[in-house]
Amino acid sequence: MFINSYLDMIGKVLKGEFRLIPALLDPIKVKEMFEMDCETIITAFREGEIGEDIARRNFFLLKSYVVSQLLIHSERLKKLAEEKGIEAEKKICPEDINEIAMMIEEKEKEI
């Protein structure tokens, strides 16, 4: 089990669902997306669907993605939006990355 809704949505964009790009560049929506992923992991753990090791691995992978790939992917999405003529005024910045990573870390403490 690996949960990353942001990455799942990028997959949809690559399949032609370009209308999703603005949401993937909105820091508030992106943070909410990762927060929901964290809640899904916590729920799966509490309901016994996954063990602690898998839950912690999911949190590690989410944090790793946010820290190492989120900014890069959002910049590529911004370029794609420009190429496709899609209005995407918002963008993710390094401060957003830090905030999301810290939120994931706090959520992990609920395990």
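## Close-up views of a predicted helical model

**Figure 1. Helix H3 beside helix H5.** Helix H3 (residues 27-46) packs against helix H5 (residues 94-108) with the two axes 10 Å apart and at an angle of about 15°. Angles under 35 degrees count as roughly parallel, so H3 is roughly parallel to H5. Keep in mind, here and in every view below, that this is a predicted model. The crossing of H3 past H5 is right-handed. Which residues of H3 take part in the contact with H5? They are Pro-27, Val-30, Lys-31, Phe-34, Glu-35, Cys-38, Glu-39 and Ile-42. Across from them, H5 brings Asp-96, Glu-99, Ile-100, Met-103, Ile-104 and Lys-107. Sorted by class, the residues of this contact are 8 nonpolar and 6 charged, with no polar ones.

**Figure 2. Helix H4 beside helix H5.** Here the axes of H4 and H5 are 9 Å apart, and the angle is about 175°. Angles over 145 degrees count as roughly antiparallel, which means that H4 is roughly antiparallel to H5. On the H4 side you can look for Arg-56, Phe-59, Leu-62, Lys-63, Val-66, Val-67, Leu-70 and Leu-71. On the H5 side, the contact is made by Pro-94, Ile-97, Ile-100, Ala-101, Ile-104, Glu-105, Lys-107 and Glu-108. How many residues of each class does the contact of H4 with H5 have? There are 11 nonpolar and 5 charged residues, and no polar ones.

Figure 3. Is Lys-63 buried or exposed? Its relative accessible area is 19%, and buried means under 20%, so Lys-63 is buried. Leaving aside its neighbours within four places in sequence, Lys-63 is in contact with Ala-101, Ile-104, Glu-105 and Glu-108.

**Figure 4. Arg-57 in helix H4.** Arg-57 also has its place in helix H4. Its relative accessibility is 48%, so Arg-57 counts as partly exposed. Along the chain, Arg-57 and Glu-108 are 51 residues apart, while their C-alpha atoms are separated by 10 Å.

**Figure 5. Helix H1 crossing helix H3.** The axes of H1 and H3 cross at roughly 120° and come within 9 Å. H1 and H3 are therefore oblique to each other. H1 contributes Ser-5, Tyr-6 and Met-9 to the contact, and H3 contributes Val-30, Met-33, Phe-34 and Asp-37. By class, the contact of H1 with H3 has 5 nonpolar residues, 1 polar and 1 charged.

**Figure 6. An aromatic cluster.** Tyr-6, Phe-34 and Tyr-65 form one aromatic cluster. In the whole model, the count comes to 3 aromatic pairs. One of them joins Tyr-6 and Tyr-65, a tilted pair with 6.2 Å from centre to centre and 50° between the planes. This pair links distant parts of the chain, as Tyr-6 lies in helix H1 (residues 5-14) and Tyr-65 in helix H4 (residues 52-84), 59 residues apart. How accessible are the two rings' residues? Tyr-6 is buried, at a relative accessible area of 0%, and Tyr-65 also counts as buried, at 7%.

**Figure 7. His-73 and its surroundings.** His-73 has its place in helix H4. With a relative accessible area of 18%, His-73 is buried. Its contacts, leaving aside neighbours within four places in sequence, are Tyr-6, Leu-7, Ile-10 and Tyr-65. Two of these, Tyr-6 and Tyr-65, belong to the aromatic cluster of the previous figure. The C-alpha atoms of His-73 and Ile-10 are separated by 8.5 Å, although the two residues are 63 residues apart along the chain.

**Figure 8. Lys-91 in a loop.** Lys-91 is found in the loop between H4 and H5. Its relative accessibility is 56%, so Lys-91 counts as exposed. Leaving aside its neighbours within four places in sequence, Lys-91 is in contact with Leu-25, Pro-27 and Asp-96. From C-alpha to C-alpha, Lys-91 and Leu-77 are 9.5 Å apart in space, and they are 14 residues apart in sequence.

Note on methods: Residues numbered from 1 in each chain as written. Predicted model: local features only at pLDDT ≥ 70, side-chain atom pairs only at ≥ 80, totals over all residues. Heavy atoms only, no water. Phe/Tyr/Trp six-rings, centres within 6.5 Å; stacked < 30°, edge-to-face > 60°. Helix = DSSP H or I, 4+ residues; strand = E, 2+ residues; numbered from the N terminus. Buried < 20%, exposed > 50% of the residue type's maximum accessible area, 1.4 Å probe, protein only. Contact = heavy atoms within 4.5 Å. Axes fitted to C-alpha atoms, helices over the stretch in contact; angles between N-to-C directions. Parallel < 35°, antiparallel > 145°, perpendicular 65-115°, else oblique. Left-handed = near helix turned anticlockwise from the far one by under 90°. Nonpolar A, V, L, I, M, F, W, Y, C, P; charged D, E, K, R; others polar.
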